[in-house]
Amino acid sequence: MSDANQSPDDGNSASKKPHHSNSLTYWIAGAIVAAIAIALTVPNVATHFEIGGELFLRALKMIVVPLVFTSVMCGILGLGDVRKLGKPGAAAVGYYLCTTVLAVIIGLVVVNVIRPGVGTVDQAQLDKFAQKDTQPHQVLRETLAESSGLSEKLIGDVFPELEVNSEKAPGVETILENLALMLVTDNLFGAAVETQLLPIIVFTIAFGALLTTMPYETRTITTLVTEANNALLAFVMALMKIAPLGIFCLVAARFGKAQAEGRFLDELGQIGWYFAAVVIGLAIHALIVLPLIFWIVRRENPYRFAASMSQALLTAFSTASSSATLPVTLECAEAAGIPKRSTEFVIPLGATINMDGTALYEAAAAIFIAQAIGFDLTFGEQAIIAVTATLAAIGAAGIPEAGLVTMLIVLGAVGLPLEYIGLILAVDWLLDRFRTTVNVFGDSIGAAVVGVTIPDEPS
């Protein structure tokens with residue numbers, strides 16, 4: 001094989017797997033436990049760790065865009081021939097759709113069995129939201145701005161459906177329109193600034209596919225991209241050495257704030273069954289459904305693979321952002337033995353459109369709100385929720401609590417009052433961490449499943 005046709009995996013530097021440290025996993029887990037303990041005992045002290053957590057989160061986000069570009073490019077170049085993209089591409093999209101639909105079905109079943117909204121929320125609580133003057137669109141803009149660190153103006157640019165003066169929920173046509181527009185951007189640098197990964201991935205796939213058709217002319221570009229990807233992954237591994245400290249600060253500050261405000265436990269007492277229903281649904285999907293898919297396809301122990309992904313899962317819980325966790329997910333998946341050409345192509349795409357946990361939560365939350373206000377949903381209306389939640393989850397951004405925005409679409413699809421979304425806001429920040437963890441685990445399982453469709457060596 002000539003140098004021009006070598007894949008990015010060739011060569012010692014590119015073929016080495018990242019070193020996966022079990023001790024680091026224990027340090028991260030210990031940091032989360034310690035952070036929660038401090039937040040519950042001295043919440044006012046815990047909130048002062050926010051700056052440390054923000055610095056760590058920004059350090060992760062800082063390399064997301066360049067890493068997405070180089071990793072997806074390496075994944076495409078590693079195939080050696082653009083015609084080989086069809087099978088793994090179809091497998092990836094098929095996996096995403098199937099697992100998202102399964103997650104929605106699980107959410108619907110669990111919430112219909114547990115019925116968390118029946119007789120649990122008192123009328124005074126419902127009246128408080130019914131009489132609230134602040135529009136839900138503005139409430140969500142403020143919530144997202146606070147949780148993600150983005151300005152309200154930028155939130156409005158990323159989520160045009162959150163018009164301050166709007167009184168209606170965006171419809172399904174809005175989802176489809178947004179999904180279509182998300183594929184292509186008129187300003188690639190603008191998309192990078194706003195961390196809109198999908199148009200970047202589409203451009204990278206198209207550009208990488210073009211490079212595979214002219215291997216001799218683009219040897220220098222291929223080498224540059226490959227080495228840049230290796231350098232970025234090395235940066236990720238260096239950053240993970242301070243991950244326990246950064247994660248401690250992130251978790252302590254967020255839990256401390258909830259404890260200091262004193263509303264979390266009161267709200268949890270009102271909607272505890274809803275919280276439990278969502279967590280149970282997420283647990284079924286993450287501990288039974290996804291491992292079963294992994295075992296059927298690969299005939300390997302899925303729980304051993306989950307243990308290998310533990311650093312990424314703990315980071316996902318801490319950051320509540322699948323995009324911010326992306327660098328760690330790539331490193332862990334490769335260390336777990338998933339083919340590099342699969343991780344580099346599938347995981348960035350999954351972090352953008354594969355949102356199993358978000359889809360499950362949106363379906364469960366919509367039915368909980370309907371139950372709480374005595375709104376009887378027919379089977380057909382629940383089917384509409386299932387379809388809408390699936391599409392809305394695909395279009396959700398990879399930032400904290402972005403699922404709240406697409407909840408407007410799910411509620412509006414069956415005529416549920418938008419103002420009652422306030423019922424779930426107090427506990428959403430914690431549920432967001434659980435569903436993000438499931439999203440990231442689903443991405444890693446997807447890379448493992450799609451990996452079997454990719455040949456070991458490009459021809």
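**The nonpolar core and its surroundings**

Tutor: Let us begin with Tyr274, which touches Pro116, Tyr361, Ala365, Phe368, Ile424, Val427 and Leu431, when residues up to four places away in sequence are not counted. The model is a predicted one, and the contacts of Tyr274 are read from that model. Tyr274 belongs to the largest nonpolar core, a set of 124 residues, where Tyr274 and Ile385 are the members with the most contacts inside the core. Apart from this core lies another, of 5 residues, with Cys74, Leu77, Leu211 and Val225 among them. As a general rule, nonpolar side chains in soluble globular proteins tend to be buried together.

Leu292, Trp295, Ile296, Val297 and Val452 make up a nonpolar surface patch, and their accessible area together is about 440 Å². Ile296, one of these residues, lies in helix α15, which covers residues 264–298.

The charged side chains come next. Side chains of opposite charge can pair when their charged atoms come close. The model has 5 salt bridges, with a limit of 4 Å between nitrogen and oxygen. In one of them, Asp428 meets Arg435 with an N to O distance of 3.2 Å. Asp428 and Arg435 are both buried. These two residues are also part of a network of salt bridges that links Asp428, Asp432 and Arg435.

Another salt bridge joins Lys340 to Glu344, whose closest N and O atoms are 3.9 Å apart. Both partners lie in helix α19 (residues 340–353), 4 residues apart, which is about one turn of the helix. Lys340 and Glu344 are both buried as well.

The pair of Arg58 and Glu54 has a like spacing: they too are 4 residues apart, about one turn, in helix α4 (residues 50–62). Their side chains meet in a salt bridge with an N to O distance of 3.0 Å. Arg58 is exposed, at a relative accessible area of 54%, whereas Glu54 is partly exposed, at 28%.

Arg254 sits in helix α14 (residues 243–261) and is partly exposed, with a relative accessible area of 22%. Leu430 is 176 residues away from Arg254 along the chain, but their C-alpha atoms are separated by 9.1 Å. Leaving aside residues up to four places away in sequence, Arg254 touches Trp429 and Arg433.

Finally, the confidence of the prediction should be kept in mind. The mean pLDDT of the protein is 79, and 76% of its residues reach 70 or more. Confidence is highest in helix α16 (residues 302–308), at a mean of 93, and lowest in helix α1 (residues 12–15), at 42. Over residues 1–15 the pLDDT stays under 50, and the model gives this stretch 26 contacts beyond four places in sequence. Residues 164–168 also have a pLDDT below 50, with 11 contacts beyond near neighbours in sequence. Where pLDDT is low, the predicted coordinates should not be read in detail.

Conventions: Residues are numbered from 1 along each chain as its sequence is written. This is a predicted model: local features need pLDDT of at least 70, side-chain atom pairs count only at pLDDT 80 or more; totals for chains, interfaces and linings use all residues. Side-chain values use heavy atoms; hydrogens and water are left out. Patches are made of residues with over 30% relative accessible area and no salt bridge: like charges are joined within 9 Å, nonpolar side chains (Val, Leu, Ile, Met, Phe, Trp, Tyr) within 5 Å. Accessible areas come from the Shrake-Rupley method with a 1.4 Å probe; for residues, only the protein chains shown count as cover. Helices (H or I, at least four residues) and strands (E, at least two) are DSSP runs, numbered from the N terminus. Buried means under 20% relative accessible area, exposed over 50%, partly exposed in between (1.4 Å probe, protein chains only). A nonpolar core is a set of buried Ala, Val, Leu, Ile, Met, Phe, Trp, Tyr and Cys residues joined through side-chain atoms within 4.5 Å. Contact means heavy atoms within 4.5 Å. pLDDT is the predictor's confidence in each residue, from 0 to 100.
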